[in-house]
Amino acid sequence: MSEQTQNCLMDCDMEEMSADNVKTSPADHLQQWSQWQLLDSILPTGGFAHSSGLEAAVQARFVVGPEDLKFYIIQVLENTGSLLLPYVYCASKFPDVESWFKLDRLLEATLTNEVSRKASASQGSALLRVAASIYVEIPSLKQMRDTYLGSGAASFHHAPIFGLICGLLGFDSSTSQRAYMFITMRDVVSAATRLNLIGPLGASVLQHQIAHVAEQMTKKWMDRPVEEASQTSPLVDIVQGCHGYLFSRLFCS
Amino acid sequence: MSGKGGERGERKMETGIAAVEKVGGRSTVTRCFSKYPLKLIVPNKVGSSKTDAVWIYTLSYGGGIVSGDRISLSIGVGDGCTAAVTTQASTKVYKSVDSKCSEQVLEARIGRNALLAVIPDPVTCFSTARYSQKQVFRVFSDSNLVIVDWITSGRHESGEKWEFELYRSTNQIFLEEDQPLFLDSVLLEQASTCSIAERMQEYHVIAMVIILGPMLKHVQNQVQDEVKKMMSRHFRVPTPTAGHYMRSESQSGPTRPALVASCSAFGPQAIGVVVRIAAVTTESVYMFLRHHLATLEPFLGVIPYG
């Protein structure tokens, strides 16, 4: 090999190395551990107690077969995208306590369905408690919790809390929104297995099947201001609101 | 009052303005203005003369909303007054031309111890129509409000079922000027993933009823109890065991309710209640409204939707 070629090859190697360094730094690698932990269903946030109205949908015979189940989950994802993604977006873009509080108040007025409003507050509170304990490198989480917990002025709704934590952990808003859609899908699918609608393997197959639809929804509804938040699946909302009328129930919502 | 620059400017913006105030101790329409495409009609007497209430009818020229129409209505209900705003027939929204969207905006201010009932017939959007509606209500903690907001699937006799392109309805209630109390927006748009008809399944009507305020507490309680009783009947059947979910077509079993509703309280001290309904027939919703709003008769002079 000529000296020129050798030098050229060495240059290429150097470029590749620095490109690699720019793409994934040690900080990014560490962030992945935090990210995966936040999205892991083992995180004790009580998500398993909520079925996104699936239990009511089954009892009211809106979901009687596997096609119904798939359709229902897609509707839930669409409603999550149109109604809640703007809150995740804004909270992750402006992860400060003042902005979060405004979003929390707005969402309190927007979640007019009592069942989903309570579920949102319950999950958000649990998530904040867990995050404040885990991410000690972000003292503002504990401070915010201590400030607002006693006063009763905040409801700690799930979507803004999730967005805030993502933002404070350094995730970009696109990832944060995609992650929110992911955990929503994760929890409904999990509820489906516990309602005996589908087995664990079938659930995993279904989850992967719907992933491209969930991505479509994410792309469609992401990066919007909260003024545009709206619900797109009225039937899902009505059925969800019926959870309190169930004769026997496994889930809180 | 007329002819001044500011007034003229305001009139250019609004297609309709109505003000209700106490005159001689009785609720009276002290101001009523409307221009094309909106017409406001205030009949001399609706219902019992003992009742202190005014009724305002909104009409559109040509019997419907044409593509590109913009209608804005501003209503003020003074302290202690009672007013009802309604329609003569369902609001038809005609097909969109050049993808234009039609729009209706209502802004209402309700005074202390006052009552406003917005109780129209449903909106019916024709095939390809694009329609947006926004209603903003500003209330005090002792104001009272009844809002019925509903839509049918279209001209279902002609086979039109949820064939419009876009429907958006926004209802917002603010307490003491700027505290958000109720912010709701429903968006129905034809989408590639799922058409509106697929989303609505066999239901042809969706409706929302808001009942707010201390004067209407008994109405709220009654609605909550009755919706719960009505819906609980459909959930009495205990859930089947594993594997029996996937029923075949031939198996008979209970079907979905023809009218499904859920009721939620909202606001500080549960100051309001919202009922959301989906139904197969328009008539069943008229019956529901007649039944649950009957207790408004002493306030309004007649039973709404009677």
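A: Buried means under 20% relative accessible area, exposed means over 50%, and partly exposed is in between (1.4 Å probe, protein chains only). Take B:Lys22: its relative accessible area is 37%, so it is partly exposed.

Q: Before going on, what sort of model is this?

A: It's a predicted model, where local features need pLDDT of at least 70, side-chain atom pairs count only at pLDDT 80 or more, and totals for chains, interfaces and linings use all residues. Residues are numbered from 1 along each chain as its sequence is written, chains are lettered from A and ligands numbered from 1 in the order in which they are written, and side-chain values use heavy atoms, with hydrogens and water left out.

Q: OK, how many helices and strands does chain B have?

A: Helices (H or I, at least four residues) and strands (E, at least two) are DSSP runs, numbered from the N terminus. Chain B comes out with five helices and 18 strands.

Q: And what share of chain B is buried?

A: Of its 306 residues, 51% are buried. The accessible surface of chain B is about 13600 Å², with 51% of it belonging to carbon and sulfur atoms.

Q: What share of the contacts in chain B with a separation of 6 or more comes from residues 24 or more positions apart?

A: Contact means heavy atoms within 4.5 Å. In chain B that share is 72%.

Q: Let's zoom in. Where is B:Ser72 found?

A: Look in strand E6 of chain B, residues 70–77. B:Ser72 has a relative accessible area of 15%, so it counts as buried. Skip its neighbours within four places in sequence, and B:Ser72 is in contact with B:Met13, B:Glu14, B:Thr15, B:Gly16 and B:Val105.

Q: Which side chain does B:Ser72 meet in a polar contact?

A: A polar contact is a pair of N or O atoms within 3.5 Å; within protein, one must be able to donate a hydrogen and the other to accept it, and residues adjacent in sequence count only if both atoms are side-chain atoms. Here the partner is B:Glu14, at 3.1 Å.

Q: Over in chain A, is A:Thr45 buried or exposed?

A: Buried, since its relative accessibility is 13%. A:Thr45 sits in the loop between helix H2 (26–39) and helix H3 (54–59) of chain A. Not counting residues up to four places away in sequence, A:Thr45 touches A:Gln123, A:Ala126 and A:Leu127.

Q: On to salt bridges: how many does the structure hold over all chains?

A: The general idea is that side chains of opposite charge can pair when their charged atoms come close. The rule asks for a side-chain nitrogen of Lys or Arg within 4 Å of a carboxyl oxygen of Asp or Glu. The total over all chains is 17.

Q: Which residue forms a salt bridge with A:Asp146?

A: That's A:Lys142, with the closest N and O atoms 2.9 Å apart. Both lie in helix H8 of chain A (residues 139–151), four residues apart, or about one turn of the helix. A:Asp146 is partly exposed at 47%, and A:Lys142 is partly exposed at 49%.

Q: What does A:Glu215 pair with?

A: A:Glu215 forms a salt bridge with A:Arg178, and their closest N and O atoms are 2.7 Å apart. A:Glu215 is in helix H11 (residues 200–221) and A:Arg178 in helix H10 (residues 173–194) of chain A, so the pair ties together parts 37 residues apart in sequence. A:Glu215 is partly exposed at 22%, as is A:Arg178 at 32%.

Q: Back to B:Lys22: which side chain meets it in a salt bridge?

A: B:Asp52 does, at 2.9 Å from N to O. This pair links distant parts of the chain, 30 residues apart: B:Asp52 is in the loop between strand E3 (38–41) and strand E4 (54–60), and B:Lys22 is in strand E1 (residues 16–23) of chain B. B:Asp52 counts as buried at 19% relative accessibility.

Q: Last stop, the interface: how many residues of chain B are in contact with chain A?

A: 48 residues of chain B are in contact with 42 of chain A. Buried area is the accessible area (1.4 Å probe) that two parts lose on being put together, summed over both. For chain B and chain A it is about 3900 Å², 60% of it on carbon and sulfur atoms.

Q: And how many salt bridges cross the interface of chain B and chain A?

A: The rule finds one. B:Arg276 pairs with A:Asp237, their closest N and O atoms being 3.1 Å apart.

Methods:
Areas by Shrake-Rupley, 256 points an atom, 1.4 Å probe, with all protein chains shown as cover.
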